[in-house]
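Look at the sequence and the model below.

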Amino acid sequence: MAVERVGVSFEPDLLRDFDHVIRAKGYANRSEAIRDLVRSFILAERAESEEGEVVGTLTIVYDHDRSTVTSNLLHLEHHHLAEILSTLHVHLDAHACLEVLVIRGEAGRVRTLADRITALRGVKHGELVITASG
């Protein structure tokens, strides 16, 4: 594969901190670390758009004793079989559950689904992490 060389200028303190981080992460050189950062930046930008296919996870913590949260959650999940590829359910204690949903679909639909789930009464915390699927 052909590569192109580019120059990057850093302030000394920033370069020192960058070198420390890439050594700690095990990168062989700066170029590999910078390429990874650029790839991540591009994928994040694509995932932020409202168009295009994305894949990701929605992690929620909820109180299963709270009103109808469990039935509402299951209802939403069953109505989004095309987007939800898999779920993982963990009992954290006598009342709290953690659920991880693997989701794929159009970016806007995935965000809307995640917003609807995290807005359910009884959901204490929710976080969607997405990336472009291609």
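Predicted model: local features only at pLDDT ≥ 70, side-chain atom pairs only at ≥ 80, totals over all residues.

Residues are numbered from 1 along each chain as its sequence is written, and side-chain values use heavy atoms, with hydrogens and water left out.

Helices (H or I, at least four residues) and strands (E, at least two) are DSSP runs, numbered from the N terminus. Two strands pair if DSSP finds at least two bridges between them. Four strands form an open sheet in the order β2-β3-β1-β4, with antiparallel pairing. β2 and β4 (123–132) are the edge strands, each pairing on one side only. On average, neighbouring strands of this sheet are turned by 15° against each other, direction ignored; axes are lines fitted to C-alpha atoms, for helices over the stretch in contact, and angles run from 0 to 180 degrees between N-to-C directions.

Strand β3 (residues 96–106) is joined to antiparallel β1 (residues 53–63) by 11 bridges; here Val-55 has Arg-104 in β3 as its bridge partner. Seven bridges join β3 to β2 (residues 84–91), again antiparallel, and a hairpin of four residues connects β2 to β3. In this pairing, Val-90 is the bridge partner of Leu-98 in β3, and Leu-88 that of Val-100 in β3.

Helix α3 (residues 69–78) packs on the sheet and touches β1, β2, β3 and β4 (contact means heavy atoms within 4.5 Å); the direction of α3 makes about 165° with that of β1. Helix α4 (residues 107–118) also packs on the sheet, touching β1, β2, β3 and β4, and its direction makes about 160° with that of β3.

A salt bridge is a side-chain nitrogen of Lys or Arg within 4 Å of a carboxyl oxygen of Asp or Glu, and by this rule the count comes to seven. One of them joins Arg-109 and Glu-83 (2.6 Å, N to O). This pair links distant parts of the chain, 26 residues apart: Arg-109 lies in α4, Glu-83 in the loop between α3 and β2. Glu-83 is buried, with a relative accessible area of 8%, whereas Arg-109 is partly exposed at 49% (buried means under 20% relative accessible area, exposed over 50%, partly exposed in between, with a 1.4 Å probe and protein chains only).

Within helix α2 (residues 30–48), Asp-36 and Arg-39 lie three residues apart, about one turn of the helix, and their side chains form a salt bridge (2.7 Å, N to O).
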